[in-house]
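Welcome! Open the structure and take a slow look around before reading on. This report covers the ligand and the pockets.

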Amino acid sequence: MRKPIVAGNWKMNGSSLFAKELIGQLDSHVQDLSNVEVVVSPPALYISQVLADAENISCAAQNLHDAQAGAFTGEISVAMLQDLGCKYVLIGHSERREMFGDNVEFVAKKVAAAFAGGVNPILCVGESLEQRKNGQAFAVVKEQVLSALRGLSFDPDNLVIAYEPIWAIGTGETASPEQAQEVHAYIRQVLADEISAEAAEKVRILYGGSVNASTAEELFSQQDIDGGLVGGASLKADDFKIICSAAANK
Ligand code: PGA
């Protein structure tokens, strides 16, 4: 059985006070939920603080650089994340692919660096609206998954994939449970065909894109949806708690 995960992607939002208050409200709620792993992904500056305040929540960084150390102003290495006790790292979020030069080669290097450094990657994939309209959604997602994983040896328990159709991110337009399930099942098939049966069985695949307190339960009830990567709604304690509970009840 795959344990569901709910990860809250704060993006470039928050402050130390905000983090303190939100974690204060979430941590006690999560304590009572045994069948879900709750993760928050604050700006890197707040990871230490969140980990100090939270007993039941782990952290994902929003990015890393693949180099171990060196002249990369503004970047963060996997060893630094490991040093803080950060368990996960988002890699290949569509905002980074679109705005910050995270192309397929760079994403693949980052995934390899994360595994090598002992921080679990949450590999984000997803098609644009145009690609979906042109019938390319499956091909795009397959290529994004395989270009990041081809030739790597990894423990499937340590990989999380987030399917985030770009047209659903921050738009309020959630993919329907059936649309999401279809792609999740396809990703699992790609893993079975190209990586291993074990990977297909064990890798957790999250849905992301306008998940909210009213859509979470139905999305998470789908067979191949193992939780969510949640942006906007993860900034509101009450909504995020409902989403975490929905995953715990899967
Ligand atoms: P959203 O963001 O929930 O605000 O659509 C999801 C994400 O970008 O991870």
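## The ligand and its contacts

A polar contact is a pair of N or O atoms within 3.5 Å; within protein, one must be able to donate a hydrogen and the other to accept it, and residues adjacent in sequence count only if both atoms are side-chain atoms. With that in mind, find Gly-170: one of its backbone N or O atoms lies 2.6 Å from an oxygen atom of the ligand. At Lys-11, an N or O atom of the side chain is 2.7 Å from a ligand oxygen. Gly-231 has a polar backbone atom 2.8 Å from an oxygen atom of the ligand. On its own the ligand exposes 280 Å², and the protein buries 95% of that (areas by the Shrake-Rupley method with a 1.4 Å probe).

This is a predicted model, where local features need pLDDT of at least 70 and side-chain atom pairs count only at pLDDT 80 or more, while totals for chains, interfaces and linings use all residues. Residues are numbered from 1 along each chain as its sequence is written, and side-chain values use heavy atoms, with hydrogens and water left out.

## The shell around it

## Two pockets

A pocket is found on a 1 Å grid over the protein atoms alone: an open set of points where a 1.4 Å probe fits, with protein on both sides within 12 Å along at least five of seven lines, and lining residues have an atom within 4 Å of a point. The largest pocket has a volume of about 520 Å³. Its lining counts 20 residues, with Met-12, Gln-62, Asn-63, Arg-96 and Phe-100 nearest the centre. Eleven of the lining residues are nonpolar, five polar and four charged.

The second largest pocket holds about 250 Å³ of space. Gly-170, Ser-210, Val-230, Gly-231 and Gly-232 are closest to its centre among the 21 residues that line this pocket. This second largest pocket is the space taken by the ligand (more than half of a molecule's atoms must lie within 2 Å of the grid points).

Key:
Points joined across faces, edges and corners; volume = space filled by probe spheres on them. Nonpolar A, V, L, I, M, F, W, Y, C, P; charged D, E, K, R; others polar.
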